[in-house]
Amino acid sequence: MTFRVLVRVMPRQGLLDPQGQAVEHALSTLGYPPLQSVRVGRAIEIGMEAADAAEAEARARDMCERVLANPVMEDFHVSVEVS
Amino acid sequence: MLSIGVLRFPGINCEEETLRAAERVGAEAHYVWHRDTSLGGADVVVIPGGFSYGDYLRAGAIARFSPVMAAVRDHAAAGGPVLGICNGFQILCEAHLLPGALMRNHRLRYVSRPVRCIVEQTGTAFTSAYVHGQAIELPIAHGDGRYVADTDTLRMLEAEGRVVLRYASDADNPNGAMSNIAGIMNAGGTVVGIMPHPERATDPLVGSTDGAGFFISIADWYALRQPVSPTS
């Protein structure tokens, strides 16, 4: 089966996210009511063949741990859907 | 003769001045291409600054997988000195040869200017020519220089004297680095990573030789490990 895997990589909670702050500032300049928080991360979309969703997710998580995210500064989230 | 290998990745841009700074202390210096699997007999490896692989994904994240990094890992494991400058520091962190990581500067701007630093560890092959606590001014040029590490790692670095170079004060800290850290070393003191560019301050022609000590230290390290030849 072909799966579309979406990997979301976000700066770790507690670490300064200057990009998020800059975007939050821009949004408040546009006049939006005060925001709880804005954080900027990265999305990576991967198409892959796998036996099932669990296999696709396991492979994607391995990719995250080895290269797509740096655990010192980033957390990641993996979601899988059939494409 | 002391041999210094200067790594070259696609996107690196400080290799020439690094090579020249190495030659200035009387070393044989040569480039090592990222696809090479040997360091060409280098006694010391320097990973220069630049933007390896365009900083894609994260600074240093892709370079870490280059074939040459296996040779660097072996060299480091055998106690061979490795210096990472700027992008080289980022690569060493991504390769787990040094702890922590370098994040986007706190004010989001690329910063290129001289900064005041304090040499806090002189027991390395790259800093022995300095005096402990010596203030020096070195050029920096980076957008991702904010050193971060978890609390335990920071505590360990401080307790073990592994902060090699520190920005002189909070006001001198150009990027928001934790504990004003500008450079650190591994547990053995053989692998050192720094954000400032000492190679850009090794020639009086450009106004400063404050960085020359990093390369003089390499020559001193090499001289000290040579067996004394019999005099009979």
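This is a predicted model: local features need pLDDT of at least 70, side-chain atom pairs count only at pLDDT 80 or more; totals for chains, interfaces and linings use all residues.
## Confidence and overall form

The model has an ipTM of 0.85 and a pTM of 0.93. For chain B the average pLDDT is 96, and 97% of the residues score at least 70.

Chain B is built from five helices and 11 strands. Its C-alpha trace spans about 60 × 40 × 40 Å along the principal axes. Among contacts in chain B with a separation of 6 or more, 75% join residues 24 or more positions apart.

In general, nonpolar side chains tend to be buried together in soluble globular proteins. Here, the largest nonpolar core has 76 residues, and the ones with the most contacts inside it are B:Ile4, B:Ala22, B:Val45, B:Val46, B:Leu92 and B:Ile218. Helix 5 of chain B, residues 212–225, gives the most to this core, with six residues. Apart from it lies another core, of 10 residues, including A:Phe3, A:Val7, A:Cys64 and A:Phe76.

Setting aside residues up to four places away in sequence, B:Ile4 touches B:Ala22, B:Ala27, B:Ala29, B:Ala42, B:Val44, B:Val46 and B:Ile218.

## Two helices of chain B

Helix 2 of chain B covers residues 68–77, and its buried residues are B:Val68, B:Met69, B:Ala71, B:Val72, B:His75 and B:Ala76. Viewed down the axis of helix 2, these buried residues fall within an arc of 155 degrees, so they line one face of the helix. On the face turned away from that buried side sit the exposed residues B:Ala70 and B:Ala77. The cover over the buried residues of helix 2 includes strand 1 (3–8), strand 2 (28–33), strand 3 (44–47), strand 4 (82–85) and strand 11 (191–194) of chain B. Just after this helix, B:Gly79 takes a positive phi of about 90 degrees.

Helix 3 of chain B is mostly covered, with eight of its eight residues buried. They are B:Asn87, B:Gly88, B:Phe89, B:Gln90, B:Ile91, B:Leu92, B:Cys93 and B:Glu94. The buried residues of helix 3 pack against strand 3, strand 4, strand 5 and strand 11 of chain B. B:Leu92 is also one of the residues with the most contacts inside the largest nonpolar core.

## Loops and a partly exposed helix residue

Two residues of chain B other than glycine deserve a look at their backbone. B:His96 lies in the loop between helix 3 (87–94) and strand 5 (101–103) of chain B, and its phi is near 65 degrees, a positive value. B:His96 has 10 C-beta neighbours inside 10 Å, so B:His96 counts as exposed. B:Leu57 lies in the loop between strand 3 and helix 2 of chain B, with a positive phi near 70 degrees. B:Leu57 has 17 other C-beta atoms within 10 Å and is partly exposed.

B:Glu16 belongs to helix 1, residues 15–24, of chain B. With 13 other C-beta atoms within 10 Å, B:Glu16 is partly exposed. B:Glu16 and B:Val6 are 10 residues apart in sequence, and their C-alpha atoms are 9.0 Å apart.

## Where the chains meet, and a look at chain A

The contact between the chains takes 13 residues from chain B and nine residues from chain A. The side of chain B that touches chain A has six nonpolar, three polar and four charged residues.

Within chain A, A:Met10 is found in strand 1, residues 2–11. A:Met10 is partly exposed, with 18 other C-beta atoms within 10 Å. Leaving aside neighbours within four places in sequence, A:Met10 is in contact with A:Arg39, A:Gly41, A:Glu74 and A:Asp75. A:Met10 and A:Phe76 are 66 residues apart in sequence but 6.2 Å apart in space, C-alpha to C-alpha. A:Phe76 is among the residues of the 10-residue core.

Note on methods: Residues are numbered from 1 along each chain as its sequence is written. Chains are lettered from A and ligands numbered from 1 in the order in which they are written. Helices (H or I, at least four residues) and strands (E, at least two) are DSSP runs, numbered from the N terminus. Two residues are in contact if their C-beta atoms, placed from the backbone, lie within 7 Å. A nonpolar core is a set of buried Ala, Val, Leu, Ile, Met, Phe, Trp, Tyr and Cys residues joined through C-beta atoms within 7 Å. A residue is buried if 20 or more other C-beta atoms lie within 10 Å of its own, exposed if 12 or fewer, and partly exposed in between; C-beta atoms are placed from the backbone. Ala, Val, Leu, Ile, Met, Phe, Trp, Tyr, Cys and Pro count as nonpolar, Asp, Glu, Lys and Arg as charged, and the others, Gly among them, as polar. The arc is that of the directions from the helix axis to the C-beta atoms. pLDDT is the predictor's confidence in each residue, from 0 to 100.
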